[in-house]
Amino acid sequence: MPAELLSKGIPAMMLLILGAIEAMGGLYLEGKRSKDDYAIEIVSLLVLPTMIQPLIFVVTIFFMVSYFPFYENYFSEIAIWIQVLAFLVLDDMMQY
């Protein structure tokens with residue numbers, strides 16, 4: 001398996017694994033919910049982290065590689081602490 005494909009497949013697989021763990025975690029076993037509520041929660045927990053998020057990840061990689069290949073490794077020269085700080089700030093801004 002090529003290293004490039006492996007490096008892009010590992011995050012997608014981690015999203016699938018973490019989504020499955022979250023879906024099977026049993027966090028919603030106690031409470032006053034009906035069977036329909038359980039079905040909706042299980043479907044939501046299974047679909048978003050195991051299907052939609054990895055699909056967005058893969059489509060974004062394909063789109064960027066196809067249309068913007070010159071941006072690959074664009075930020076690799078920037079110090080890791082600046083990248084982490086930028087991620088934390090930008091991720092926090094996405095919440096609002």
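## Helix α2 and its buried residues

Helix α2 buries Leu45, Pro49, Thr50 and Pro54, as seen in a model that is predicted. One of these residues, Pro49, also bears on the course of the helix, for α2 bends by about 35° at Leu48 and the proline follows within four residues.

Thr50, which is found in helix α2, can be followed in more detail. Its relative accessible area is 18%, and Thr50 therefore counts as buried, since the cut-off for that class is under 20%. When its neighbours within four places in sequence are left aside, Thr50 is in contact with Leu16, Gly19 and Ala20.

The protein as a whole provides the setting for this helix. Its secondary structure comes to 3 helices and 0 strands, and along the sequence these follow the pattern α-α-α. Among the contacts with a separation of 6 or more, 65% are between residues 24 or more positions apart. The values for the whole protein are collected below.

| Property of the protein | Value |
|---|---|
| Share of the 96 residues that count as buried | 6% |
| Accessible surface | about 8,400 Å² |
| Share of the accessible surface belonging to carbon and sulfur atoms | 73% |

Taken together, Thr50 is among the buried residues of α2, within a protein of which 6% of the 96 residues count as buried.

Technical notes
Residues are numbered from 1 along each chain as its sequence is written. This is a predicted model: local features need pLDDT of at least 70, side-chain atom pairs count only at pLDDT 80 or more; totals for chains, interfaces and linings use all residues. Side-chain values use heavy atoms; hydrogens and water are left out. The bend at a residue is the angle between axes fitted to the seven residues ending there and the seven starting there. Helices (H or I, at least four residues) and strands (E, at least two) are DSSP runs, numbered from the N terminus. Buried means under 20% relative accessible area, exposed over 50%, partly exposed in between (1.4 Å probe, protein chains only). Contact means heavy atoms within 4.5 Å. Accessible areas come from the Shrake-Rupley method with a 1.4 Å probe; for residues, only the protein chains shown count as cover.
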